Every structure is written in C-alpha cells, then in structure tokens.
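Please look at the sequence and the model shown here, and keep both in view while reading the paragraphs that follow.

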2 protein chains.
Amino acid sequence: MIDTKGKILDTAERLIGEYGYSATSLRHIISEAGVNLAAIHYHFGSKEELLDELIVRKAGPVNAERLARLDRLEAGGESPAPAVEKVLEAFFLPMAEAADRDPGFVRLMGRMLSEGLMQGILEKHFQTVTGRYFRALRRALPVLSDEEFRWRLHFMIGAMAHTMCGQPDVTGLGGPSEGFHSRIERLIGFVAGGFHAPVRVAPGTEEK
Amino acid sequence: MIDTKGKILDTAERLIGEYGYSATSLRHIISEAGVNLAAIHYHFGSKEELLDELIVRKAGPVNAERLARLDRLEAGGESPAPAVEKVLEAFFLPMAEAADRDPGFVRLMGRMLSEGLMQGILEKHFQTVTGRYFRALRRALPVLSDEEFRWRLHFMIGAMAHTMCGQPDVTGLGGPSEGFHSRIERLIGFVAGGFHAPVRVAPGTEEK
DNA sequence: GTCTATACTGAGATAGAC
DNA sequence: GTCTATCTCAGTATAGAC
C-alpha cells in the first residue's frame, strides 16, 4: 500500500495503548495493519525501536512546549528564581494539554511507564528537558542538600509516572474518573507540598 | 533432591532480583537450581504463580508488622486521630527494617514494581493492609475531599514504588548511594508534605 | 528501495511415561 | 514426584521477488 510505515505506526500506537507493549505482538500489529511481518523490521529494525519512534512522535511536541515555557519563565529575569510552583506548572501542564488534544497520549505513555520500558528511551529523549528543569527547580530550592533534592525529584517522577498509568483503584472504591487536567493540578499541588516539606533526615545522620 | 520446591524458590528469588522477572527464563532458573523444567509447573503451576509465592514470602512479614504497628497506634485512643506522620511511619518503616535485615528484599520488590507486574498480586495480598491504612490516613485528613484524598494516596504509592525501584539517576549526576533507611525517611517527609499541601483544584472546578 | 515468504531460536506450557 | 518430548507462540534474520 501507499504508506506501510505510517500504517504500522498508527496500528501499533492503538494496540499498544489498548493492550500494553508486551501483550501486543508484532503479528497482531501486522494483521490489523495489513502488512507483512518483515516490514516492521525493515522500517524500524526491532520491536523496541518501533516503540521508540512511537514515543518520539507522542512526547516530542510536549517536550518542545516544556522547553518553550521554561524559556519564558526564565526570561522574566526574576531576581531570586522562578518559584517551585511555576516551574512545576511549566513542566506538567503541557502534558495535560496534550492529553486534552489527543486522548491516546496518556494511554500510550502510561502503558510505557507502567511496564517499566522507558528507562533507556527516557534517558535518550528526555534528558535535555529533565536536565533544564532539574536546574530550574534546584535554583528554586537552594535550602535543600544535593542529596535531599535529588531524592525529592525522584519522588516526583514516581508520582507522575504512577499518575499517568491509571486510576487510583487501590481502595476498590472506584468512583467516576475525572479529566486528566484536574488530575495534573492535584499532582502539582501534592508535589509542591513535598518539595517544601521540612527535611526529616539531619545532614549528619545519613548512612553510608 | 530433597527439597525441589525450596531450591526453585531460592534460585528464582536470586535470579529475578538480579535480572528482573521478564529477563529471567524458567530454563535459566532450572539450570541453576539443578531441577527439571516441568518441576516448576508441577509445584507452582506457572511462572506468574511462582512470582506470587516469592512476593508472599517476602512481603508477608512486612505486612504483618505494618498491621501490628497500626494496632498499637490506634490503641493509643488519641482523641482526634493519629497524625499523618505517625501513620506514614507505621506503614513505611517496616519496609526499611526488612531491607536492613534482608538486602534481597528491596531488590526483588523493586524489580516487581518497576516491571509493573504487581497489579494483580498487590490487590490480592496487600488489600487488607492498604485498606486499613487508607482509613487511618483518611481520619487524619478530614479536610480533604474524597477525590483529592484518593489522588494523594495514589501519588504516594507512585513515589513509593519508584523509590523501591532504584537510584535517582535521572540527572546523570550519580553520587554515592545511601542506605535504604534514610531513603525511606526522606520519602516520609516528602509524602507528609504532599498530604498537608493546600488544594489547588476548587471542588466545583473538577471536570467530568 | 520495498516488501514477501519462510526459517531459526528461545520462551512458557502440557501430556503422558516412569 | 519427576522427567522426556512436544506444542504453540513470541521476536528475529535472511533470501529473494518486484
């Protein structure tokens, strides 16, 4: 057909978003897309590289928007540094907006994160963004030690990843699911509170 | 040999802790344990049920300690309710203590969480513990709406899962890894700050 | 350059002999 | 309880048709 590569990408995006990466076999993708098995390896090289292209396609615009917002924030030239909340908004809101435009976005990214398949891909495509935001947040929180700050960033990423993965069904209460946007607003509030929390571990008490 | 089942469990625990669940094949386990492939299916039924038994063996004592601590906390009969920080300590510290006693604990549980394989197992074996802690935290935070509270619990679980998975290497700075105990102390502080944070979303503004 | 047909290796699972 | 043989399905590699 005309665009084999495009059909593979679209079908893979839909199926992986629905069933997850591991549960979606290449043979399932090709049968729905109406292409040959080897075409995947011709165009992408491997299943993992196909995933990589999907992620880039989805996350690329979001990361661009994140950098643009941080540019504007830092161009303000505020004397101390942009406040934690402002930096968090610039980081998280582009994700929420992408989710509003494209309902498949959260499904796919959440699947990836929940299956723990993004370690390598994250480092490859997100390090520019995370590096700049890391430094911006660091400047907003000069009182924290390096070690404490790094861990709080780690906690934030964990909360974010889990939030993209699914509903909070731990309790079995269920309830109606709300929009992704307000979910992100809640996350920003929670994370900001975490960053501003008093430190429990005295600098000298650290082990190792 | 004498205890085929035990040898399978020990070997699987070691290999999965080292390489992860997906990357550890049953054939790898049997070759190291010196047993037959079919023995795994005879004793456990499937690879997933083998994992289930490993989790129970590791997490069972931790969950028992969690319930005991919550009992003591609630037996205090404090008029309002145990403070958020106290409840969080009762929940998280048994995990830290288990990690100190058994270095393999965090490795295995972290692997499980990072590979997203614990959804079903979590619900099966953790729901008693999480249910009771859910209610204890809810009593300590009466000002939050149901929806807001549920999401903050969700964020906490995400931060916890990510914390057990590994080091905060997002920044590429590395640095010496510290003990698990102080890592948990940092997590408690962060999460407590998150729970106490002011709510960003006005109750009427929620979507859907 | 693109795509098809087919074969290879390794995974988890299972039936049946001992 | 244990072991052999075998099944199905996965991702991958390659030879060759257009």
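A residue is called near a molecule or strand if one of its heavy atoms lies within 4 Å of it. The model is a predicted one, in which local features need pLDDT of at least 70 and side-chain atom pairs count only at pLDDT 80 or more, while totals for chains, interfaces and linings use all residues. Residues are numbered from 1 along each chain as its sequence is written, chains are lettered from A and ligands numbered from 1 in the order in which they are written, and side-chain values use heavy atoms, with hydrogens and water left out.

We can begin with DNA strand C, which has 15 residues around it, and of these A:Thr4, A:Asn36, A:Tyr42, A:His43 and B:Arg27 come nearest. Among the atoms of DNA strand C within 4 Å of the protein, 59% are part of sugar or phosphate, and the rest are part of bases. The largest share, four residues, comes from α3(A).

Turning to DNA strand D, we find that 14 residues surround it, and that the closest are A:Leu26, A:Arg27, A:Lys47, B:Asn36 and B:His43. A polar backbone atom of A:Leu26 is 2.8 Å from a phosphate oxygen of DNA strand D, whereas an N or O atom in the side chain of A:Arg27 is 2.6 Å from a base nitrogen of DNA strand D.

Within chain A, the axes (lines fitted to C-alpha atoms over the stretch in contact, with angles from 0 to 180 degrees between N-to-C directions) of helix α5 (residues 84-101) and helix α8 (residues 146-165) come within 13 Å and cross at roughly 20 degrees. Because angles under 35 degrees count as roughly parallel, α5(A) is roughly parallel to α8(A). Their contact (heavy atoms within 4.5 Å) is made by A:Leu88, A:Phe91, A:Phe92 and A:Met95 of α5(A) and by A:Met156, A:Met160 and A:Met164 of α8(A).

Notes. A polar contact is a pair of N or O atoms within 3.5 Å; within protein, one must be able to donate a hydrogen and the other to accept it, and residues adjacent in sequence count only if both atoms are side-chain atoms. Helices (H or I, at least four residues) and strands (E, at least two) are DSSP runs, numbered from the N terminus. Angles under 35 degrees count as roughly parallel, over 145 as roughly antiparallel, 65 to 115 as roughly perpendicular and the rest as oblique.
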